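The following exercises are to be worked with the sequence and the model side by side. Each task is followed by a solution in steps.

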Amino acid sequence: MSLESTTVQDKLVETFGESVFQFNQEKDVFSFEVAADKITAVVLFLKNDPTLRFHFLTDICGVHYPDNAVERQFAVVYHMHNWYENKRIKIKAFINGETPEIKSLTTIFPGANWMERETYDFYGIIFTGHPQLKRILNMDEMVSHPMRKEFPMEDGGRTDKDDRFFGRTAFNG
Amino acid sequence: MSDSNIKMVAPPEGVSGEGFFATTLNDVVGLARANSLWPLPFATSCCGIEFMATMASHYDLARFGSERVSFSPRQADMLLVMGTISKKMGPILRQVYEQMAEPRWVIAVGACASSGGVFDTYSVLQGIDKVIPVDVYVPGCPPRPEQIVDGVMRLQELVKSESVRRRSSPEYQELLASYNIK
């Protein structure tokens, strides 16, 4: 009755072959990787297949891996949910660190609009085909993408910080 | 009259005689302004909750002449900024300040409004004095209503001693110009 992870895996491999890989069970969420150029096809398939029926896109977010090889420095993570079977899956798509671009899901799930804008805002990942890819949470004047690892933790505009009170100097004199 | 419990503000220093009382215009205007400060609460987080307690019956800010909370900047004298102000909200706060008529005063209530507080991060304004001039800072995270009342009373002292000419003085114009406020 319930939808098994193996069924999901078999159907995906049967349809997409080499483009889907790294299937594994992470805690209670079945996860896998997808080649970035196949993401729209895979999501559309997961949504429309009569047995899979992953018709709900829970979340889109980004991850920055600055230590990875250049072509795997950013990941876009998609969470999908099948409400009929209460089955969740997680999809990761790795993209290039210098030109982070991936196709937009807005034509498949209109709800992806704001999630992709948020991911663009914080990681600078370009979602091609997005109808209005601009910042959503941070102020428009901002030029950087603050969730990237190279972004400094503390605000440089802070003037009241005395390093002596934070244990950052050799002498507390 | 004698058995009434109402406390009156003492008159300013002056010369009194039969049928007249003479004092300076500064003192009279200062006294009137200090005891009718209309607050404009700009509450964004927990400090705003403390301000609600301050306005309520137990602490009763109305005792100090702040009975009428103005939710329009046009009629307000005292802007109370309570809570974290994100950088995105900075221009809005500034616009609210610009909409207030002179004379206007600002109290930064709590650590966030005063310095950014624990939010030492890319999205938070590190103190509202980066965008508007501030008269009184109230520390605390959040401050207790007693501290907010104390802040208001300190502002009253400033207002009482402020010259009626201060707002047209070159120093004040320079202050506003340093914030790029017309």
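**Exercise 1: An annotated site in chain B**

UniProt, in an unreviewed entry, places the feature "binding site" at B:Cys46, B:Cys47, B:Cys112 and B:Cys141; such annotations may be inferred rather than shown by experiment, and their positions are given in the numbering used here. The structure is a predicted model, in which local features need pLDDT of at least 70, side-chain atom pairs count only at pLDDT 80 or more, and totals for chains, interfaces and linings use all residues. Residues are numbered from 1 along each chain as its sequence is written, while chains are lettered from A and ligands numbered from 1 in the order in which they are written.

Task: Determine how these residues are arranged, and whether B:Cys47 and B:Cys112 are buried or exposed.

Solution. 

Step 1. B:Cys47 belongs to helix H2 (residues 46–55) of chain B, and B:Cys112 to helix H4 (residues 110–115) of chain B. Helices (H or I, at least four residues) and strands (E, at least two) are DSSP runs, numbered from the N terminus.

Step 2. A residue is buried if 20 or more other C-beta atoms lie within 10 Å of its own, exposed if 12 or fewer, and partly exposed in between, with C-beta atoms placed from the backbone. B:Cys47 counts as buried because it has 27 C-beta neighbours inside 10 Å. B:Cys112 has 28 such neighbours and therefore counts as buried.

Step 3. Residues are in contact if their C-beta atoms, placed from the backbone, lie within 7 Å. Not counting residues up to four places away in sequence, B:Cys47 touches B:Met82, B:Gly83, B:Val109, B:Gly110, B:Pro142 and B:Pro143. With neighbours within four places likewise left aside, B:Cys112 is in contact with B:Gly83, B:Thr84, B:Gly117 and B:Phe119.

**Exercise 2: Strand S4 of chain B**

Task: Which residues of S4(B) are buried on each face, and in which sense does S4(B) pair with S3(B) and S5(B)?

Solution. 

Step 1. Five of the five residues of strand S4 (residues 78–82) of chain B are buried. B:Met78, B:Leu80 and B:Met82 lie on one side, and B:Leu79 and B:Val81 on the other.

Step 2. Two strands pair if DSSP finds at least two bridges between them. Strand S3 (residues 39–43) of chain B is parallel to S4(B), with five bridges; in this pairing B:Pro39 stands opposite B:Met78. The path from S3(B) through H2(B) to S4(B) is a left-handed β-α-β crossover.

Step 3. S4(B) also runs parallel to strand S5 (residues 105–109) of chain B, again over five bridges. Here B:Met82 stands opposite B:Val109.

Step 4. S4(B), helix H3 (residues 90–99) of chain B and S5(B) make a right-handed β-α-β unit. A crossover is right-handed if, with the strands pointing away from the viewer, the path from the first strand over the helix to the second runs clockwise.

**Exercise 3: The sheet of chain A**

Task: In what order do the five strands of the open sheet in chain A stand, and which are the edge strands?

Solution. 

Step 1. Chain A has three helices and seven strands, following the pattern α-β-β-α-β-β-β-β-α-β along the sequence.

Step 2. Strand S1 (residues 20–26) and strand S2 (residues 29–34) of chain A run antiparallel, joined by five bridges. In this pair, A:Gln25 has A:Phe30 as its bridge partner. The two strands form a hairpin with two residues between them, and A:Lys27 in the turn has a positive phi of about 55 degrees.

Step 3. Strand S4 (residues 74–82) and strand S5 (residues 87–95) of chain A are antiparallel over nine bridges. A:His79 is the bridge partner of A:Lys90 in S5(A).

Step 4. The order of the open sheet is S1-S2-S5-S4-S3, with mixed pairing. Its edge strands are S1 and S3 (56–64) of chain A, each pairing on one side only.

Methods
Two residues are in contact if their C-beta atoms, placed from the backbone, lie within 7 Å.
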